[in-house]
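Colleague: I would like a close look at a single part of this model. Keep it brisk, and give the cut-offs as you go.

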Amino acid sequence: GGPGNATLSDIKTAIPKAPVCLLDPTNDIWFLSASLVVTNGATLLVHGSAVGGDANEVLMKSDDVGDTNSYVWIDADWGTLDFQNVKVISWNELVAGPDTDYTSFPRAFIRARSRLRGANVQQSTLSAANSEFGWLGYRSSDGYGLTWQVVGAATGVTVFGAVSNCYIHDCQLGVGDWFNNPKVYGNNVLWSSNTVTADTLY
């Protein structure tokens, strides 16, 4: 990627063999069969039709086996991920449903990473509004369902983002970091569990 905005449709048009497939053009349902990395200051817009976008639902490959490439992730590494009015869930092709197992093998996840590369600060953003996230993440600080991560010891480097009016359920989340980062945690997030710890399944 590079500076500028792109949608899943833009990616598919520019790279016809890209691992994004529009399963249902009528309902704007996409399947992601390989990982996407947004970098070099680019922005990925994953917006539903309610706000003029092209993605009402995104299914992320997560086959619950130990094979290479059995699960995927969406990563901003010096980039921006912007989710609005969209449903994003893991998808186990073997059972034609969500990947409900977060302990045996890694599971699909979404992440934004910032870092200091030489003297250059490369900061990322992960924001979500009016969206649903389900059955994402596993027990790793690198692969929580929604992950904001600073790579290495980088003074003054942060990861930006905000979450509002989102339904987040059946996800593995390192929510301890959310409470310590007001840019990330908002009062309008709806949880499917009342238990809040530093490392909890929601």
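How many of the residues of S5 are buried?

Modeller: This is a predicted model, where local features need pLDDT of at least 70, side-chain atom pairs count only at pLDDT 80 or more, and totals for chains, interfaces and linings use all residues. Numbering runs from 1 along each chain as its sequence is written, and side-chain values use heavy atoms, with hydrogens and water left out.

Now S5. 6 of the 6 residues of S5 are buried, so the strand is largely enclosed by the rest of the structure. Buried means under 20% relative accessible area, exposed over 50%, and partly exposed in between (1.4 Å probe, protein chains only). Strands are DSSP E runs of at least two residues, helices are H or I runs of at least four, and both are numbered from the N terminus. Ala42, Leu44 and Val46 point one way from S5. Thr43, Leu45 and His47 point the other way.

S5 has parallel partners. Strand S1 (residues 4-6) pairs with S5 over 3 bridges, in the parallel sense. Pairing requires at least two DSSP bridges between the strands. Glycine 4 stands opposite alanine 42. Strand S8 (residues 80-84) also pairs with S5 in the parallel sense, over 5 bridges. There, valine 46 stands opposite phenylalanine 83.

Take leucine 44, in S5 (residues 42-47). Leucine 44 counts as buried because its relative accessibility is 2%. Contact means heavy atoms within 4.5 Å. The C-alpha atoms of leucine 44 and glycine 4 are 8.7 Å apart, though 40 residues separate the two along the chain.

S4 runs parallel to strand S7 (residues 73-77), joined by 4 bridges. Aspartate 75 in S7 is the bridge partner of valine 37.

Next, the core. The largest nonpolar core has 36 residues. Such a core is a set of buried Ala, Val, Leu, Ile, Met, Phe, Trp, Tyr and Cys residues joined through side-chain atoms within 4.5 Å. Those with the most contacts inside the largest core are Leu8, Leu44, Met60, Leu81, Phe83, Ile110 and Phe133. S5 gives the most to this core, with 3 residues. Isoleucine 110 touches, among others, Met60, Leu81, Phe83 and Phe133, not counting residues up to four places away in sequence.

Phe83 is also one of the residues touched by serine 131. Serine 131 sits in the loop between strand S12 (125-129) and strand S13 (132-134). At 4% relative accessibility, serine 131 counts as buried. Its side chain reaches the backbone nitrogen of valine 86 at 3.2 Å.

For the chain overall, the secondary structure comes to 2 helices and 19 strands. Of its 202 residues, 49% count as buried. The average pLDDT is 85, and 85% of the residues score at least 70. pLDDT is the predictor's confidence in each residue, from 0 to 100. One stretch, residues 192-202, stays under 50 in pLDDT.

Notes. A polar contact is a pair of N or O atoms within 3.5 Å; within protein, one must be able to donate a hydrogen and the other to accept it, and residues adjacent in sequence count only if both atoms are side-chain atoms.
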